[in-house]
Amino acid sequence: MADQIRAFIFDLDGVITDTAEFHYLAWKRLADEQGLSFTREDNDQLRGVSRRESLNRLLKGKAIHEETALAWMERKNNYYREYLATITPEHCLPGVLPFLNAARAAGLKIAIGSASKNARDVLERLGILQMFDTIGDGNVVLNTKPAPDLFVWVAGRLDIYTNQGVVFEDAEAGIDAALRGGFWTVGVGTANIQHAHMVSPNGLAGLSVQQVLARFKA
Ligand code: BG6
Ligand code: MG
């Protein structure tokens, strides 16, 4: 069992807010313009993985020049940022604010571990940027999920051992990353996350802080 749990680390997209639809619309726009097929099922495979890996998966083995890849990623990001402009504090998923407040009230540190380079911007639009002790985003490490590097970076910033942290993730790549790093894991939602230590199909709304702490009690 764990040492005493000292921190909760949250993925952003799919756990705190639902930006998956915006990622889908932005990639779909690019794919349509380039005559590539891209479905919602294809989009499910992009959950939690970096922009670069998303492009690789969208290309399905088709090779393009590096300059073209960079230009396409920038175009997709510009489309995505157009959609982000519509985000307001109402776009936190149900149960998120009470859960974050309860975690802080229980004396835990709270942090973000997101693959997105837009994470800070999204948090600011949601009005919750200042609540977190540390924000790890797509800019802080080279190796992205399912590599453990991002969560380990966050643990370092929080000054905790990885087995003192619980990671909340909606994506298979994110749960894999956290497990490899030696964290405790809570799978949020219904994607391919059954290998997490604990699963909450109804998101943070279906969980209490005390329930999570009881599960990982030393
Ligand atoms: C993750 C999303 O949080 O961030 C992925 O789940 C996305 O779908 C990744 O590809 C990178 O996001 P961004 O904003 O840096 O393109
Ligand atoms: Mg996610």
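**Ring contacts and ligand sites in the predicted model**

The charged end of Arg 29 is positioned over the ring of Tyr 79, 3.8 Å from the ring centre; a charge counts as over a ring if NZ of Lys or CZ of Arg is within 6 Å of the ring centre and within 35 degrees of the ring normal. Lys 76 lies over the face of Tyr 80, at 4.6 Å from the centre of that ring. The model is predicted, with local features needing pLDDT of at least 70 and side-chain atom pairs counted only at pLDDT 80 or more, whereas totals for chains, interfaces and linings use all residues. Residues are numbered from 1 along each chain as its sequence is written, chains are lettered from A and ligands numbered from 1 in the order in which they are written, and side-chain values use heavy atoms, with hydrogens and water left out.

Phe 8 and Phe 10 are both buried (under 20% relative accessible area, with exposed over 50% and partly exposed in between; 1.4 Å probe, protein chains only). Ring pairs join Phe 8, Phe 10, Phe 99 and Phe 168 into a cluster.

For Phe 151 and Phe 183, a centre separation of 6.0 Å and planes at 65 degrees likewise give an edge-to-face pair. Phe 151 belongs to helix 7 (residues 149-158) and Phe 183 to the loop between helix 8 (172-181) and strand 5 (184-188), so the pair ties together parts 32 residues apart in sequence; helices (H or I, at least four residues) and strands (E, at least two) are DSSP runs numbered from the N terminus. Phe 151 is buried, with a relative accessible area of 0%, and Phe 183 is buried at 2%.

Turning to the ligands, an oxygen atom of ligand 1 lies 2.8 Å from a polar backbone atom of Val 49. A polar backbone atom of Lys 117 is 2.7 Å from an oxygen atom of ligand 1, and a polar side-chain atom of Asn 118 is 2.7 Å from an oxygen atom of this ligand. Taken alone, ligand 1 exposes 400 Å², of which the protein buries 96% (Shrake-Rupley method, 1.4 Å probe; for residues, only the protein chains shown count as cover).

The magnesium ion (ligand 2) has Asp 11 (OD), Asp 13 (O) and Asp 170 (OD) as its protein donors, at 2.0 to 2.1 Å; donors are N, O and S atoms within 2.8 Å of the metal (3.2 Å for Na, K and Ca), and sites may look incomplete because water is not among the atoms. Asp 11 and Asp 13 are both buried.

Notes:
Rings of Phe, Tyr and Trp (its six-membered ring) pair if their centres lie within 6.5 Å; planes under 30 degrees apart count as stacked, over 60 as edge-to-face and the rest as tilted. A polar contact is a pair of N or O atoms within 3.5 Å; within protein, one must be able to donate a hydrogen and the other to accept it, and residues adjacent in sequence count only if both atoms are side-chain atoms.
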